[in-house]
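Colleague: I am new to this structure. Please walk me through its charged side chains.

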Amino acid sequence: MATSMPERVVVLPGDILTEKVKKTNNSKYKLGPGLRLQSEDVVASKCGVLKSKDGNTFWIDNHQKRYVPAKGEHVIGIVAMKAGDIFRVDIGSNMPAALSYLSFEGSTKRNRPNVQVGDLVYARLLVANRDMEPELVCIDGTGQGNGLGVLSTDGFMFRCSLHLCRKILSPDCSLLKILGKKVPVEVTVGMNGRIWLRCKTVKDTIAAMNAIMAAEYTPDDELRTVVQKVFGGVAGF
């Protein structure tokens with residue numbers, strides 16, 4: 001479960017956070033978005049609130065729409081072009097990511113995946129740093145898809161802030177459970193500020209999208225009321 005530090009720590013770019021990280025956990029730790037290692041110091045690279053998970057993973061939480069790739073994150077990308085055996089995928093960062101046709105479940109040189117320009121793919125970032133082109137894969141460590149791959153064309157993808165994506169994926173957020181009880185819905189959330197969803201009707205799809213967008217600044221105990229209000233507003237369509 002993602003939690004904030006014992007006290008609310010607001011940081012600015014350039015702040016040295018070595019003592020705060022080591023004070024929380026003296027063993028090995030992982031640095032997420034907004035933090036980087038300079039020599040032996042942990043330095044903030046953007047402003048926001050310092051947060052931690054399980055006492056050994058740290059990152060800076062803030063409101064932004066520009067995505068900076070981070071290794072291991074799951075993203076929704078748009079296939080922009082084919083270049084030989086590589087697909088160029090737009091993930092909303094400063095450069096497209098590379099996706100090999102062999103990075104799909106069951107894919108071989110003879111059995112290539114059916115991926116076309118314009119398709120949406122749900123993938124995991126295998127390589128992500130400022131000196132190299134991002135690299136995507138649509139399989140896990142065992143070679144299985146497990147939900148990764150090309151997303152159905154009968155769904156709908158929309159963009160939102162990165163903060164909203166993190167909130168939806170948090171174990172503390174009950175939004176997806178509330179939506180699932182209201183209407184049958186499939187939801188895929190990318191950490192790059194993109195959400196794909198599919199409902200049985202266009203009306204339900206619009207209502208689900210509006211409910212998700214309205215949840216960004218809504219406390220968890222008021223989400224049920226917001227969802228009811230949003231779906232009641234589109235009942236006349």
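**Charges on the surface and in bridges**

Modeller: Aspartate 221 sits in the loop between α4 (202-214) and α5 (223-233). Helices (H or I, at least four residues) and strands (E, at least two) are DSSP runs, numbered from the N terminus. This is a predicted model: local features need pLDDT of at least 70, side-chain atom pairs count only at pLDDT 80 or more, and totals for chains, interfaces and linings use all residues. Residues are numbered from 1 along each chain as its sequence is written, and side-chain values use heavy atoms, with hydrogens and water left out.

Colleague: Is aspartate 221 buried or exposed?

Modeller: Buried means under 20% relative accessible area, exposed over 50%, partly exposed in between (1.4 Å probe, protein chains only). Aspartate 221 has 67% relative accessibility, so the label is exposed.

Colleague: How many salt bridges does a search of the whole structure find?

Modeller: A salt bridge needs a side-chain nitrogen of Lys or Arg within 4 Å of a carboxyl oxygen of Asp or Glu. Searching the whole structure by that rule gives seven.

Colleague: Which residue forms a salt bridge with aspartate 61?

Modeller: The closest N and O atoms of the pair are 2.7 Å apart, and the partner of aspartate 61 is arginine 166. Aspartate 61 lies in strand β7 (residues 57-61) and its partner in helix α2 (residues 162-169), so the pair ties together parts 105 residues apart in sequence. Aspartate 61 is buried, at 12% relative accessible area. The partner, again, is arginine 166.
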